[in-house]
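Let's take a quick tour of a fold: its sheet, its core and its one cross-link. Have the model open while you read.

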Amino acid sequence: MKLHITTLVLALGSTAAFAGPTCNVPEEKWMKEADFKAGLEKQGYQIRTFKVSKGKCYEIYGLDKAGKKVEIYFDPATGAEIERK
């Protein structure tokens with residue numbers, strides 16, 4: 001029984017470590033996805049994947065203007081970068 005509890009605790013702890021940030025912004029205040037992506041592309045980003053994260057932030061996977069792989073979370077209302085991995 002102790003082994004099962006320990007395994008569960010470790011599993012839950014490890015998933016929290018991989019969770020992204022949370023954006024607490026009402027969806028009616030979000031920037032339009034197309035406008036947001038166009039703005040990033042003008043800054044030199046090459047977006048391979050764009051999505052809304054589980055934490056309700058805009059999230060991109062792609063390349064920055066130097067060609068380096070990026071995973072970045074953005075506030076969907078302001079477009080401000082929140083976290084980069």
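A word on ground rules. This is a predicted model, so local features need pLDDT of at least 70 and side-chain atom pairs count only at pLDDT 80 or more, while totals for chains, interfaces and linings use all residues. Residues are numbered from 1 along each chain as its sequence is written, and side-chain values use heavy atoms, with hydrogens and water left out.

**The sheet**

Helices and strands here are DSSP runs numbered from the N terminus (H or I, at least four residues, for helices; E, at least two, for strands). Four strands make an open sheet in the order β1-β2-β3-β4, with antiparallel pairing. Two strands pair if DSSP finds at least two bridges between them. The edges belong to β1 and β4 (81-84), each with a single partner strand, so one side of each has no neighbour in the sheet. On average, neighbouring strands are turned by 25° against each other, direction ignored.

| Strand pair | Sense | Bridges | Residues standing opposite |
|---|---|---|---|
| β1 and β2 | antiparallel | 6 bridges | Ile 47 and Gly 62 |
| β2 and β3 | antiparallel | 6 bridges | Tyr 58 and Phe 74 |

β1 and β2 also form a hairpin with 5 residues between them, and Lys 56 in the turn has a positive phi of about 65°. Across β1, β2 and β3 lies α2, which runs at about 150° to β1. Axes are lines fitted to C-alpha atoms, for helices over the stretch in contact, and angles run from 0 to 180 degrees between N-to-C directions.

**The core**

Which residues make up the largest nonpolar core? There are 11 in all: Val 25, Trp 30, Phe 36, Leu 40, Tyr 45, Phe 50, Tyr 58, Ile 60, Val 70, Ile 72 and Phe 74. Such a core is a set of buried Ala, Val, Leu, Ile, Met, Phe, Trp, Tyr and Cys residues joined through side-chain atoms within 4.5 Å. Buried means under 20% relative accessible area, exposed over 50%, and partly exposed in between (1.4 Å probe, protein chains only). α2, β2 and β3 (69-74) are the elements giving two or more residues to this core, and the largest share, 3 residues, comes from β3.

Leaving aside neighbours within four places in sequence, Ile 60 is in contact with several residues, including Leu 40, Tyr 45, Val 70 and Ile 72. Contact means heavy atoms within 4.5 Å.

**The cross-link and its surroundings**

The structure holds 1 disulfide, a term that stands for a pair of cysteine sulfur atoms within 2.5 Å. Its partners are Cys 23 and Cys 57, with sulfur atoms 2.0 Å apart. Cys 23 sits in the loop between α1 (2-18) and α2 (33-42), and Cys 57 in the loop between β1 (46-52) and β2 (58-63), so the pair, 34 residues apart, links distant parts of the chain. With 105° about the S-S bond, the link is right-handed, and both cysteines are buried.

Pro 21 lies in the loop between α1 and α2, and Ser 53 in the loop between β1 and β2. Pro 21 is buried at 13% relative accessible area, and Ser 53 is buried at 8%. Their C-alpha atoms are separated by 8.6 Å, with the residues 32 apart along the chain. Not counting residues up to four places away in sequence, Pro 21 touches Ser 53 and Cys 57, among others, while Ser 53 touches Pro 21, Glu 59 and Tyr 73.
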